[in-house]
Amino acid sequence: MLLLRLARRPFFWVIALIVAVFAIAPLIGDNVDLRESLVLDALYIILASNLNIMLGYTGYINFGSIVFFGLGGYICLWLVSGLGLPLAVSLPIAGTCVSGLALVFGLGILRLRGHFFALATIGIIEGVQAFVQNFKPWGGSAGLYLSGGVLKQIGGPANALWVIYFLMIAVMGLSLYLSYAVKSSKFGLGLLAIGQNEDAAAVLGVPTPLYKALAYCTSAFLPAIAGGLFFFKSAFIEPASAFDLTLSTEVIVVVMLGGQGTVFGVALGALLYSELRGYLLTTATFSNFQLVISGALLLLIVLFFPGGLMGWIYSRFPRIQKVLE
Amino acid sequence: MTNLLELKDVSKRFGGVQAVRDLSFEVREGEILGLIGPNGAGKSTLFNLINGVFKPDTGNVVFQGEDITGQKPYKIARRGIARAHQIVQPLGALSVLDNCTVGACFGREDLPLTQARETAFEVAQTVGLGDRLQMRASALTTAGKKRLEMARALSARPKLLLLDEVLAGLNPSETEEMIATVRAIRDRGVSILMIEHIMRAIMSLSDRIVVLNLGSKLAEGTPQQVAENPEVITAYLGDASVTHGEEASS
């Protein structure tokens, strides 16, 4: 129903176009470098789009969005290496488990508001990381390794990278459509109302505790699957890389940069940020300099462009709001 | 007439302040009940007790025969009590139409989005916001925001509408329009409980009036009865002899 309704609007096809460009571009001339750069762009788009449901729509700053990604990675790798399940089965299981956990966490910590919620989400990162570091079945602080043999199920090492790439692009497409579908739904309207004024929303009848928990849970599913793919690709996961507060903060910068609450803006912000980051990481003088940049960027946005890129574009070209959500 | 809303011995204390004390009254089906009283009499607190923002310390709130004491605001909204706030609370970044759609979506009828938008569109027209549907709510004037409060509440298609000083801050012609709007809403079968300081308006609109002072009920009756009640005159204007003296001299 909703999908059919959305398909009548131009933005539906804008997303389809973005996904198509991502899928086709590296195939031209078998461009492996481009593929590796785009897979990271896609990852940032996935993480930022899903965080946007919490941060942009519902107005809750979640510093712990990376927990979904890390836990998804852990569950997926453990299912593949420990239980010998195929990747195709492990990914959705990882997504579902993490979403379920998010629902339980969410019903608890979403009673908090503002700074207190933000602090609690940092607590969740630290708590989950500490748990995993001491959890023997997941290798404790040493982490989990995949043996080369598991790649056979997706066509051996050479094909595997392509398969993972296309899966990542698919998850990216789903993330964009999810953001868009949520925004265009009654659920999304309730979230936007909460984001504007939670008390007023409750008086208007929005079931705020349930909606917030559902938003938290919804925003966990696809990042968990992306985590599964990402760590399957590197064949290794350890607590420090799975629950990296830096990446979590970067994703917040990306959402603010693109324009919180917009679907296209956040994707654009993610793409620009990821490309800039890639450039700075590979220039010798600027090792880890991207963090300085992202800090400065966040300051500039908060001070001068609270609407982000998209807010700026909307104010220049108001008509574009009809096409780009 | 049957009772739509009944308050039975409701009390609420904030620290050392007894905001509402053993208060009982009822709102009948189809009536406009005015609620007046000096500042700090507990009027807005009473609204918060009715729609679940606060839980009463003692007593019961009964709506359509069911006890709704202490239920969450969103559950009470779903049952058909909508509220326009005294201090306007627009969903600032959303358009006027979206603000009303929230009311329609999550109100008594629990409408799906498309239908809710239609309802919101209609209501916005009747309240006089038809020309500003796509405007951001935060960009509205004070009078516009007051209307928006009203429109959002009405979009929920409520049984009972709580209006908290919707006339405050409006100029005379806007006040006249708003009074006409309130009448029109009642004529469509919505019961109204309204707080108002503008005496002329509340006297002409209300079927009955309840007077609060220091959290308790001072008087109750038709506008005529209340206006002639010596205790009410004292609470509002000070010593009765002084007022009578003024009348004699004028």
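Good morning. This is a predicted model, where local features need pLDDT of at least 70, side-chain atom pairs count only at pLDDT 80 or more, and totals for chains, interfaces and linings use all residues. Residues are numbered from 1 along each chain as its sequence is written, while chains are lettered from A and ligands numbered from 1 in the order in which they are written.

pLDDT is the predictor's confidence in each residue, from 0 to 100. Chain B has a mean pLDDT of 88. In chain B, 94% of residues reach 70 or more. The model's scores are ipTM 0.87 and pTM 0.90. Watch residues 245–250 of chain B, where pLDDT stays under 50. That stretch has 0 contacts beyond four places in sequence. Where pLDDT is low, predicted coordinates should not be read in detail.

Now, the two chains. Two residues are in contact if their C-beta atoms, placed from the backbone, lie within 7 Å.

Next, helix 8 of chain A, residues 186–196. Is this helix mostly covered or mostly uncovered? It is mostly covered, with 10 of its 11 residues buried. Buried means 20 or more other C-beta atoms within 10 Å of a residue's own; exposed means 12 or fewer; partly exposed is in between; the C-beta atoms are placed from the backbone. The buried residues of helix 8 pack against helices of both chains, including helix 10 of chain A and helix 3 of chain B.

Take one residue of helix 8, Ile194(A). Why does Ile194(A) count as buried? Because 25 other C-beta atoms lie within 10 Å. Ile194(A) and Lys212(A) are 18 residues apart in sequence, yet 8.3 Å apart in space, C-alpha to C-alpha. Leaving aside neighbours within four places in sequence, the contacts of Ile194(A) include Thr58(A), Val206(A) and Lys212(A).

Val206(A) touches both chains. Not counting residues up to four places away in sequence, its contacts include Gly190(A), Ile194(A), Tyr74(B) and Phe106(B).

Last, two backbone angles. Most residues other than glycine have a negative phi. Asp9(B) is not a glycine, but its phi is positive, about 50°. Asp9(B) sits in strand 1 (residues 3–14) of chain B. With 12 C-beta neighbours inside 10 Å, Asp9(B) counts as exposed. Asp110(B) also has a positive phi, about 55°. Where is Asp110(B)? In the loop between helix 3 and helix 4 of chain B. Asp110(B) has 13 C-beta neighbours inside 10 Å, so it counts as partly exposed.

How values were computed: Helix = DSSP H or I, 4+ residues; strand = E, 2+ residues; numbered from the N terminus.
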